[in-house]
Amino acid sequence: MGVLGAGQLGRMLALAGYPLELDFHFYDTSGSPSVGLGDITIDTEAKLDNPALADFLNDVDVVTYEFEHLPAQLTQYIESKSTLYPPSKSIEVCQNRAEEKALFTKLGIPTPAYHIVNSLEELKAAVEKLGCPIVTKTTREGYDGKGQFVIRQAEQCEAAWQAIGEGKNGTNTLIAEAFVNFSRELSIIAVRSADDSMKVYPLAENDHHEGILRYSIAPAAKVADDINAQANQYIKELMHELGHVGILTLELFETENGLVANEMAPRVHNSGHWSIEGAHCSQFENHLRAVSGLPLGCTEAQKLTCMINIIGEKGDTGSILSLPYANLHLYGKEEREGRKLGHVTVQADSHEELAWRVKNVASFLPGSPEFKHS
Ligand code: AMP
């Protein structure tokens with residue numbers, strides 16, 4: 001299995017793949033791999049004529065990725081020489097918010113009203129049309145709330161443009177979208193095989209702080225049947241349309257008028273880490289099964305689960321390890337502010353019990369925000 005990217009998602013893919021007798025070779029373009037498992041090739045220039053790329057492609061049967069901000073010329077080249085799953089079309093759509101929104105619109109999936117802007121003047125015009133507040137985002141490369149600016153008053157357009165419009169290498173294209181008054185954030189994760197078979201995980205409820213996911217509960221509480229059906233229909237249509245093979249994640253806002261799509265990721269996702277202990281077959285194993293042509297595994301939840309991200313500091317891991325209802329996953333990374341260092345999975349028989357247990361675990365993790373959920 002060849003994997004583009006060599007961070008914690010690659011690490012958890014490998015941990016799920018070794019029992020299936022898969023071996024891993026990671027191709028890292030960041031220069032700082034943390035995967036800690038398998039063979040690693042580092043190529044920060046991602047040059048197509050690099051002999052290391054040819055060696056990597058010779059060494060692997062299929063290429064997948066754990067990171068979608070990859071140069072299109074690299075993924076298209078790999079696709080021309082080997083099997084790339086999910087296909088480059090999935091990456092190209094998911095790494096560009098403008099294309100993502102266009103696809104949602106084409107398929108009739110509700111998404112916030114938006115304008116694409118390339119200058120301060122266009123941003124001002126978009127604010128006038130949409131009305132404040134609006135959320136502006138770079139169309140490419142944004143993640144964990146980076147590359148995002150909320151404009152609450154029209155006078156903030158200059159500040160927003162300076163903060164995210166004027167990029168290091170010239171002007172960034174921005175998307176200016178209407179602010180959604182959502183009751184909660186949900187995500188749906190599904191897997192598709194090349195023969196069009198699909199399986200969908202239960203919806204997860206996600207709690208973000210300062211743009212970073214902190215808690216994810218699955219199955220989400222109090223999901224109405226029509227909301228569940230909508231989410232299933234949207235993700236299946238997206239996978240089918242993209243010819244997607246592997247895991248696809250769709251982030252959604254729940255509103256009074258139903259679901260509104262925010263963005264998607266063509267890969268295993270932080271809001272699916274609960275599935276390692278919480279589902280019959282984890283998102284990592286199902287991704288590997290799909291991209292290597294194996295039958296898909298059961299996506300049903302075995303138990304009510306909450307995933308707590310460990311951000312910045314590892315905290316009191318000894319106390320967490322002493323709890324009979326918690327599982328600790330560390331990613332082999334040095335402590336640094338805002339960095340995802342690991343996660344803890346907590347399981348319980350009821351939402352009340354889960355809330356109590358999560359609060360207990362969070363008390364051992366410095367800086368954890370208050371845990372609230374529906
Ligand atoms: P994103 O990078 O698009 O996932 O955005 C990060 C977070 O910003 C989301 O998880 C939401 O909490 C918030 N957000 C993004 N877009 C909107 C929007 N249009 N309206 C309200 N909140 C938003």
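Start by selecting V150, which sits in strand β7, residues 148-151. The model is predicted.

Next, show what V150 touches. Apart from neighbours within four places in sequence, V150 is in contact with P133, I134, V135, Q156 and F179.

Select the ligand and its shell: 15 residues surround it, and E177 is among the closest, together with K137, V180, E185 and E263. By class, the shell holds six nonpolar, three polar and six charged residues. Now display the strands: β6 (134-138), β10 (174-178), β15 (246-255) and β16 (258-265) each supply at least two residues of the shell.

Zoom in on the polar atoms. At Q148, a polar side-chain atom lies 3.0 Å from an oxygen atom of the ligand. At A178, a backbone N or O atom is 3.0 Å from a ligand nitrogen. At V180, a polar backbone atom is 2.9 Å from a nitrogen atom of the ligand. Switch to a surface view here: the ligand taken alone exposes 480 Å², of which the protein buries 91%.

Finally, colour by domain. The ligand lies between domain 2 (113-178) and domain 3 (184-362), because both give residues to the shell around it.

Conventions. Residues are numbered from 1 along each chain as its sequence is written. This is a predicted model: local features need pLDDT of at least 70, side-chain atom pairs count only at pLDDT 80 or more; totals for chains, interfaces and linings use all residues. Side-chain values use heavy atoms; hydrogens and water are left out. Helices (H or I, at least four residues) and strands (E, at least two) are DSSP runs, numbered from the N terminus. Contact means heavy atoms within 4.5 Å. A residue is near a molecule or strand if one of its heavy atoms lies within 4 Å of it. A polar contact is a pair of N or O atoms within 3.5 Å; within protein, one must be able to donate a hydrogen and the other to accept it, and residues adjacent in sequence count only if both atoms are side-chain atoms. Accessible areas come from the Shrake-Rupley method with a 1.4 Å probe; for residues, only the protein chains shown count as cover. Ala, Val, Leu, Ile, Met, Phe, Trp, Tyr, Cys and Pro count as nonpolar, Asp, Glu, Lys and Arg as charged, and the others, Gly among them, as polar. Domain bounds come from an automatic or database domain assignment.
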